[in-house]
Amino acid sequence: MDDFADLMACAKRLHFPQSLETLFLEEYYNNSSAMCRGALAASTLIWMLFGVLDPYAIPSAIGAVWFLRFGVVTPLLLGILLAAFSSAFRKMMQPVATMQLLPAGFGVIAMAALAQPGELGFLFYPMGLLLICMVGYCFLRLRFWYATVANLILVVVYLIMAIAFQHILAVPQGHFIFLNNFFFILAANVIGLATCYSLELYARRAFVANHLLDLERAGEQRKRERTEAMLHILSQAIGGVVHDLGNPLASVLTGAQTLEMFLESGDIDRETIKEFTGIITNGAEMLNHLRLSLMEQTQVLEGKSIPVELKPVSVRQMVDAGIHFQKPRFLAGRKIVQDGDDLEIHADAMKLTTVFMNLIGNALKYSDGEVHIRWRIADPYVLIAIADEGMVGKGISTAQADQLFVAFGRLDTHAKVEGTGLGLLSVRKIVEAHGGEVFIEGRTDGTRTSSTFATAQQAYPSMLNDNHCTAFVVVCPLTPQS
């Protein structure tokens, strides 16, 4: 509503902000050019016929009137007509229409300025000017400020001609004729300008209404496309979760069935029971972590906070679990190096493990080469970095970093790789619930030869070495934060 009121106020001033003014002029030209061209062609033809058929043209053929009519006005009108049908008319429409309106006005002004005492026709000259202005504004689509300039020119010309020729002022009653004509000419100009203002104001108000309607439709279209994209991503996510459940579920079922078979046969020992219960437990833990990860992404999508239960936990154990629960197809043939002495922090082990599952999984999916996990103490925090060598030697650039850690934030280069665009956002929410932050440290253009950047909210020691292009760094307090 505020935008509508502001734009309507701009419409009354006959000027929009620059970008919108350009759009209005484009639309104004498209809506007016055909009628303006027709009016220019018709008026040019009328003027040329008037010049040929006028009975006073022949006696004055050797005089100044002939020269003005055929030597100046007619070539000017022909030039205007040619300009109207040229490719440059888009930029020249208003000046050309103004020039076309002036000759007719000059004719009426001249008759008014040269009116003789006792003539009654002088009373109709301003009416003729009014008619010319009204018709001209309607058919030439002249805008208000151009019409204002044209009317000022006509008034000044009338004053100059009346004073210069002194036909009116040479006799006593001439002053009355002069002032009378001047008053009627001003009245005709005011009415004409009011008409011109009303026409342009109507055009601008119609433009505002159509523009806001187009914006509303475009906004609805964007929302619909975004919703469809989200639904598509969510359907992919559900399919991915269902697929991911296959391996751990198969492990649980296979382990349980095999264990049951051994128990029925009676041929089983303690070590065998321990082996298969380990397989079942491992599969169940994987299922639980997948369930927890999906719940966290759902909470993030709904805008809910993520609760955490802080207890002393080993950093290495959480990192090991994050590696252990990776999909076998991503781990195949890849080397993951850990660097750092084990230390204990206060964290929610299950939730922070899902953080490392996400970050290590991203490093495996979106890079090639070695993945390096290192951690160090920067009191009162511990910094845990998952660094990679990028894809074909190129990691995340500064511009790309801004697209991550938001809902459905995925890079175009990762479009063909499975993912929901919610993982990093849930990572950020979990880490923030611990009182820390997660940020990206990388290279400006993604290559190892460019300078480094970091998206952290405060300064931390660098966790990126010369062999890696990108590092996702998790910052967690060493002790619980109040």
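The model is predicted, so local features need pLDDT of at least 70 and side-chain atom pairs count only at pLDDT 80 or more, while totals for chains, interfaces and linings use all residues. Residues are numbered from 1 along each chain as its sequence is written, and side-chain values use heavy atoms, without hydrogens and water.

**Exercise 1.** Find the salt-bridge partners of Arg204 that are Glu21 and Glu200, and state where they lie.

Step 1. A salt bridge needs a side-chain nitrogen of Lys or Arg within 4 Å of a carboxyl oxygen of Asp or Glu. The structure holds 7 of these.
Step 2. Arg204 meets Glu21 at 3.0 Å, N to O. Arg204 lies in helix 7 (residues 174-265) and Glu21 in helix 2 (residues 18-53), so the bridge ties together parts 183 residues apart in sequence. Helices are DSSP runs of H or I with at least four residues, strands runs of E with at least two, numbered from the N terminus.
Step 3. Arg204 also meets Glu200 at 3.0 Å, N to O. These two are 4 residues apart in helix 7, about one helical turn.
Step 4. Glu21, Arg143, Glu200 and Arg204 are linked in a network of salt bridges.

**Exercise 2.** Are Lys351 and Asp348 buried or exposed?

Step 1. Buried means under 20% relative accessible area, exposed over 50%, partly exposed in between (1.4 Å probe, protein chains only).
Step 2. Both residues are buried, and their side chains form a salt bridge (3.8 Å, N to O).

**Exercise 3.** Locate Asp341 and classify its exposure.

Step 1. Asp341 sits in the loop between strand 2 (336-339) and strand 3 (344-347).
Step 2. Its relative accessibility is 67%, so Asp341 counts as exposed.
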